[in-house]
Amino acid sequence: MSTPARQESTTGQRAASAISPTRAENYAEWYQQVVRAADLAETSPVRGCMVIKPWGWAIWENIQRALDAMFKETGHRNAYFPLFIPLSFLQKEADHVEGFAKECAVVTHHRLEVGADGKLVPAPSAELDEPLIVRPTSETIIGASFAKWVQSYRDLPLLINQWANVVRWEMRTRLFLRTAEFLWQEGHTAHATSEEAVAETMQMLGVYARFARDWMAMPVVQGEKTAGERFPGAVNTYSIEAMMQDRKALQAGTSHFLGQNFSRASEIVFLNERNEQAHAWTTSWGVSTRLVGGLIMTHSDDDGLVVPPRLAPAHVVVIPVAHKAETAAAVTEHCRRVADELRQQRFAGEPVRVELDARDMRGGDKAWQWIKRGVPVRVEIGPRDMEADSVFMARRDRPHKEKSGVPRGEFVAGIAALLQEIQDGMLARATAFRDEHTRRIDARDEFDAFFTPSRGGRPGDDGDGGAEGGPTEIHGGFALSHFCGDPAVEAEVKERLGVTVRCIPLDGFGGGDEPGRCVITGRPSERRVVWAKSY
RNA sequence: CGGAGCGUAGCUCAGCUUGGUAGAGCACCUGCUUUGGGAGCAGGAAGUCGCAGGUUCGAAUCCUGUCGCUCCGACCA
């Protein structure tokens with residue numbers, strides 16, 4: 001990660017990397033530049049809201065498609081509920097109000113009129129009796145429907161998912177990672193028993209972990225959140241936590257066991273087998289467009305985006321190298337045939353997605369655009385390759401200069417295996433990175449040192465780089481350390497080091513289930529937890 | 001909402017201290033020459049300098065206010 005930044009010199013020479021600054025130089029800025037260079041999204045005239053551009057949207061569509069299938073395999077069905085929620089609904093669950101009230105967009109009028117100064121203003125006569133909030137999450141509005149849909153234990157379980165947008169009025173936003181409006185899916189289920197609802201909560205956490213691993217090539221830790229990090233109104237919150245390349249944790253998905261809190265609030269009541277009135281047990285779970293941010297920060301390098309093949313909008317881009325007018329048509333036609341041959345192949349159960357880039361522009365420029373967009377495999381075919389019936393091939397997971405000539409037939413026949421190899425390699429690399437920066441820590445001074453950059457920045461600085469001292473060096477990682485469970489201790493560590501308990505691992509990550517003594521207080525602890533700085 | 005920085009061509013920025021009505025590189029368009037790699041030369045189009053006031057003969061440059069963006073903090077999928 002010590003590659004020098006790309007310099008735009010007057011001679012048009014480019015330096016080693018396509019993205020400037022590099023990850024090591026300024027990670028936060030690098031992220032923004034990757035998003036831009038890959039043409040994924042841009043900021044909009046609306047504060048905190050993003051425009052998702054076609055390439056970014058295509059990745060999200062692939063994410064949606066894969067997850068949607070997994071939800072359906074586990075018995076869920078899609079439905080849709082209103083964008084607006086009556087203010088009184090939010091109020092039904094005390095913790096829920098407290099958690100979301102501060103970041104709600106509120107609709108108070110239903111008509112505009114021309115005011116005294118000629119500008120449009122909300123019409124005073126059109127004020128709503130009850131304000132509506134734009135959903136920050138849909139527990140309460142879906143609860144209202146569930147209350148009607150559930151009468152008997154025979155109506156349960158109720159397994160619903162919705163794909164939607166939600167709004168949380170965040171102070172600071174970053175494309176994909178935190179925007180005021182974001183897209184997500186939210187699963188909402190109701191069950192007859194606590195055990196069943198807990199099982200559902202865990203099942204969906206597992207679905208998320210599998211999706212992250214198998215599709216995103218992003219290893220995650222499954223675990224339970226501490227009380228301080230719990231979803232407002234939940235009994236228990238579970239999450240999948242991934243490590244980004246700056247070694248900070250990203251909460252990539254959550255699954256909540258809501259107990260009977262929301263069924264009481266929304267009166268989701270049913271008659272059980274013993275003819276008794278009972279409140280249902282509910283769950284909710286969601287992942288958002290933040291996953292795209294996680295994808296970027298897990299795999300991308302100093303040349304831009306790297307997309308795992310299973311989510312790539314295009315698996316292969318075929319670039320005709322046709323400089324002379326007399327050969328151009330033939331080369332392009334040949335490329336078209338190769339592209340079609342590739343499309344006959346299947347990868348991960350779907351046809352191979354191929355982009356033929358026959359645009360009239362310089363080849364080098366064209367190739368770099370695809371590098372920055374992260375297409376897994378690039379193929380360049382010129383007159384000589386055509387003559388030899390071979391292709392010139394480069395993989396996005398290898399240095400861009402590393403290219404090889406391959407016989408066309410061999411390449412086409414092997415494309416699925418190649419894509420799988422890239423997919424597997426990306427997971428292996430990300431896993432190795434995470435493990436390399438995960439450390440069991442039992443001594444408090446070692447813990448403090450682990451989360452303190454060796455140069456510049458104050459201990460609490462999260463490494464994003466400040467206005468004054470420049471970016472803080474990348475440091476830290478996951479600390480597997482014992483924790484006594486005292487919320488005050490967690491708060492103190494957060495204040496002092498900017499570090500929180502990301503989760504109490506449930507999947508055996510790091511062998512965390514052995515007893516020991518709290519790394520901060522020395523008090524007894526049942527298990528190690530994952531501490532990290534986070535997004 | 002508290003702190004810092006910044007808003008000048010599509011992008012990145014220079015000019016501002018020492019006020020005199022706007023520059024560069026990249027991108028874009030045209031032509032020629034090139035071409036297994038993000039080309040070279042020539043020409044061209046493109047900004048009234050975030051917005052609103054003020055000072056001044058004159059403001060991108062000084063002053064005030066305001067809006068927005070980025071980063072830090074608080075909040076958070």
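## Helix α1 and its surroundings

Contact here means heavy atoms within 4.5 Å of each other. Keep that in mind for helix α1 (residues 27-37), whose buried residues pack against β1 (41-43) and α8 (290-299). Helices and strands are DSSP runs numbered from the N terminus, with helices (H or I) needing at least four residues and strands (E) at least two. Before going further, note that this is a predicted model, where local features need pLDDT of at least 70 and side-chain atom pairs count only at pLDDT 80 or more, while totals for chains, interfaces and linings use all residues. Residues are numbered from 1 along each chain as its sequence is written, chains are lettered from A and ligands numbered from 1 in the order in which they are written, and side-chain values use heavy atoms, with hydrogens and water left out.

So who is tucked away in α1? The buried residues are Tyr-27, Ala-28, Trp-30, Tyr-31, Gln-33, Val-34 and Val-35. "Buried" stands for under 20% relative accessible area, "exposed" for over 50%, and "partly exposed" for anything in between (1.4 Å probe, protein chains only). Just past the end of α1 comes Asp-39, with a positive phi of about 60 degrees.

## A buried phenylalanine

Phe-176 sits in the loop between β9 and β10 (181-191). With a relative accessible area of 2%, Phe-176 is buried. Leaving aside residues up to four places away in sequence, Phe-176 touches Tyr-31, Val-35, Leu-40, Ala-41, Met-50, Thr-289, Arg-290, Val-292, Gly-293 and Ile-296. Asn-26 lies 150 residues from Phe-176 along the chain, and their C-alpha atoms are separated by 18 Å.

## Two helices crossing

Helix α2 (residues 54-73) packs on helix α6 (residues 194-214) at an angle of about 145 degrees, with the axes 11 Å apart. Those axes are lines fitted to C-alpha atoms, for helices over the stretch in contact, and the angles run from 0 to 180 degrees between N-to-C directions. From α2 the contact takes in Ile-63, Ala-66, Leu-67, Met-70 and Phe-71, and from α6 Met-204, Val-207, Tyr-208, Arg-210 and Phe-211. Sorted by type, the contact residues come to 9 nonpolar, no polar and 1 charged. (Ala, Val, Leu, Ile, Met, Phe, Trp, Tyr, Cys and Pro count as nonpolar, Asp, Glu, Lys and Arg as charged, and the others, Gly among them, as polar.)

Helix α10 (residues 363-373) also involves α2: the buried residues of α10 pack against α2, β17 (316-320), β20 (354-356) and β21 (377-381). Those buried residues are Lys-366, Ala-367, Trp-370, Ile-371 and Arg-373. After α10 comes Gly-374, with a positive phi near 85 degrees.

## Aromatic rings

There are 18 aromatic pairs in the structure. Rings of Phe, Tyr and Trp (its six-membered ring) pair if their centres lie within 6.5 Å; planes under 30 degrees apart count as stacked, over 60 as edge-to-face and the rest as tilted. Phe-71 and Trp-163 make a tilted pair, 6.2 Å centre to centre with 35 degrees between the planes. Phe-71 belongs to helix α2 and Trp-163 to strand β9 (residues 158-167), so this pair ties together parts that are 92 residues apart in sequence. Phe-71 and Trp-163 are both buried.

The rings of Phe-447 and Phe-451 have centres 5.2 Å apart and planes at 70 degrees, so they count as edge-to-face. Phe-447 and Phe-451 are both buried. One aromatic cluster is formed by Trp-60, Phe-71, Trp-163, Tyr-208 and Trp-285.

## Salt bridges

Side chains of opposite charge can pair when their charged atoms come close. The rule for a salt bridge is a side-chain nitrogen of Lys or Arg within 4 Å of a carboxyl oxygen of Asp or Glu, and the count comes to 32. Asp-39, Glu-42, Lys-53 and Arg-373 are linked in a network of them.

Arg-440 pairs with Glu-514, the closest N and O atoms being 3.4 Å apart. That joins strand β24 (residues 438-440) to the loop between β26 (500-505) and β27 (516-517), 74 residues apart. Arg-528 also bridges to Glu-514, with the closest N and O atoms 2.9 Å apart. Here Arg-528 is in strand β29 (residues 528-532), 14 residues from Glu-514. Buried or partly exposed? Arg-528, at 5% relative accessibility, counts as buried, whereas Arg-440 at 39% is partly exposed, as is Glu-514 at 28%.
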